[in-house]
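Here is a short briefing for a reader who is new to this structure. Look at the sequence and the model first, then read the points by topic.

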Amino acid sequence: MSEIPTFTPREIVSELDRYIVGQGEAKRAVAIALRNRWRRQQVPDDLREEIAPKNIIMIGATGVGKTEIARRLAKLSQAPFVKVEASKFTEVGYVGRDVESMIRDLTELAISMVSEERKKGVRSQAEELAEERVLDALLPPSPAMPQQPGGQVSSVEPAEPPNRETREKLRKLLRLGEFDDREIEIELPEDGAGAQLSIMTPQGFEEMGVQFKDMLGSMLPKKTKSRRMKVRAALEVLANEEAQGLLDPDDVRELAVERVEQSGIVFIDEIDKVAARQGGGGQGPDVSREGVQRDLLPLVEGSSVQTKHGVVRTDHILFIAAGAFHVAKPSDLIPELQGRFPIRVELASLQKSDLLRILAEPANSLVRQYTALLKTEAIDLVFEDDGLEAIAELAAAVNETADDIGARRLHTVMERLLDEVSFDAPDWTARQIVVDGEYVRGRLTDLVENEDLSQYIL
């Protein structure tokens, strides 16, 4: 059974607080959902299968933190996580993607995650094998033993291969990095060897095409090609190739499927876009919207999805749906789907005070990002408190007069504010730039006050 982290709800909220400002209700909801996964593993087997995940609907405008909460939750729980947009799917038979593809994408992601974890366990052995291949390229193996007439191998064997001593000397120099910049020629699998093979399948049967393509690919000979690269890069590339060869594909596949089934998270954004509007008459786009919901329903209720890595059960995958719900309401979803999302939380719109905190408080704040970026040009970017307040105030003002895009407005304002510095940084004579209130207002106030222009630029 895959290990599920044992964070308490309070610890989960505390970790989310490092990256997301406010939205306490939503954080509590996802913290409880994650903790319930651990709790479920502790109950008796016969009852464990009966406990379904408490799926969540997040209601809030764009840019208030819905996606970030789900993404950070997945990272914290080390769970496979995939984000999809409900508006990209339509009922099978219409133009669009088969909804089951989200589970296949989730499984592929889990395969990659498990493979990387397993590679770390065999890294030392893989590095030794890679070292031998590099030594072979630097110094070819010793020649074959001399043969007697008639093909008999001579009974007189040398005490040691002629180049053994040289090889060991090269090994020591290789480990010291003496050959890092020397170019060698190595054999590597040819990239995209099966790229020319294309299988066309009807919608809803994409997996059949993938499996047929994989079967044909396994029957074709493996192609390799010679590549010249520096020893330092060759060691890394060969170590990754050897590590992949040391993995047990069945073990990786089994663990990945289990991880998807027990801890996978699917984030369905724009769920409001497939909610049928009341009074729509059940015609035109509403038919397709309801069709998407009915296609989603079996996945959320629990069904079996065929993937190229085996059958994946969706009974215990956590589904988090999100939408602005400006026009439609959660009650506009079909009743069966509503019942599968028992937890509903509303995320508050961001005010100036929230934007001010978002600028500086999170571990990945924009202030830290821009400071680090310009540090690479030897420029010290200093944000004063009144400068941050002016940025937040202007961003809030644009959100009020134009579309409210939440914290994403800070990105556009910051890019406009630092446009000149970012462009001229390599040639800048000043080594310190102080961003205070006067600096911000001098560059942005006129633009914000010109409402027509701000809608285009900010």
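The points below go from the whole chain to single residues.

This is a predicted model, in which local features need pLDDT of at least 70 and side-chain atom pairs count only at pLDDT 80 or more, while totals for chains, interfaces and linings use all residues. Residues are numbered from 1 along each chain as its sequence is written, and side-chain values use heavy atoms, with hydrogens and water left out.

**Overall make-up**

- The protein has 19 helices and eleven strands. Both are DSSP runs, numbered from the N terminus: helices are H or I with at least four residues, strands are E with at least two.
- Of its 458 residues, 42% count as buried. Buried means under 20% relative accessible area, exposed means over 50%, and partly exposed lies in between (1.4 Å probe, protein chains only).
- The protein exposes about 25100 Å², and carbon and sulfur atoms supply 50% of that area. Accessible areas come from the Shrake-Rupley method with a 1.4 Å probe; for residues, only the protein chains shown count as cover.
- Take the contacts between residues at least 6 apart in sequence: 78% of them join residues at least 24 apart. A contact means heavy atoms within 4.5 Å.

**Nonpolar cores**

- The largest nonpolar core has 61 residues. Such a core is a set of buried Ala, Val, Leu, Ile, Met, Phe, Trp, Tyr and Cys residues joined through side-chain atoms within 4.5 Å.
- Helix H15 (residues 385-401) gives this core its largest share, seven residues.
- A second, separate core has 43 residues, including Val257, Val266, Leu297 and Phe341.
- Met58, Ile320, Leu359, Phe383 and Ile391 have the most contacts inside the largest core.
- Leaving aside residues up to four places away in sequence, Ile320 touches Val30, Ile56, Met58, Ala70, Leu73, Ile265, Val266, Phe267 and Ile268.

**One side of a helix**

- In helix H16 (residues 408-417), the buried residues are Arg409, Leu410, Val413, Met414 and Leu417.
- They cover an arc of only 130° around the axis, so they sit on the same side of H16. The arc is that of the directions from the helix axis to the C-beta atoms.
- An α-helix has 3.6 residues a turn, so residues three or four places apart point the same way.

**Aromatic rings and charges**

- There is one aromatic pair. Rings of Phe, Tyr and Trp (its six-membered ring) pair if their centres lie within 6.5 Å; planes under 30 degrees apart count as stacked, over 60 as edge-to-face and the rest as tilted.
- Phe81 and Phe267 form this tilted pair, at 6.5 Å centre to centre with 40° between the planes.
- Phe81 lies in strand E2 and Phe267 in strand E5 (residues 265-269), so the pair ties together parts that are 186 residues apart in sequence.
- Phe81 is buried at 15% relative accessible area, and Phe267 is buried at 0%.
- The charged end of Arg35 sits over the ring of Trp38, 4.0 Å from its centre. This requires NZ of Lys or CZ of Arg within 6 Å of the ring centre and within 35 degrees of the ring normal.
- Arg72 lies over the face of Tyr19, at 3.8 Å from the ring centre.

**Loop residues**

- Gln23 has a positive phi of about 55° although it is not a glycine. Gln23 is in the loop between helix H1 (9-17) and helix H2 (24-42), and is buried at 10%.
- Gln78 also has a positive phi, near 55°. Gln78 is in the loop between helix H4 (66-77) and strand E2 (81-85), and is exposed at 53%.
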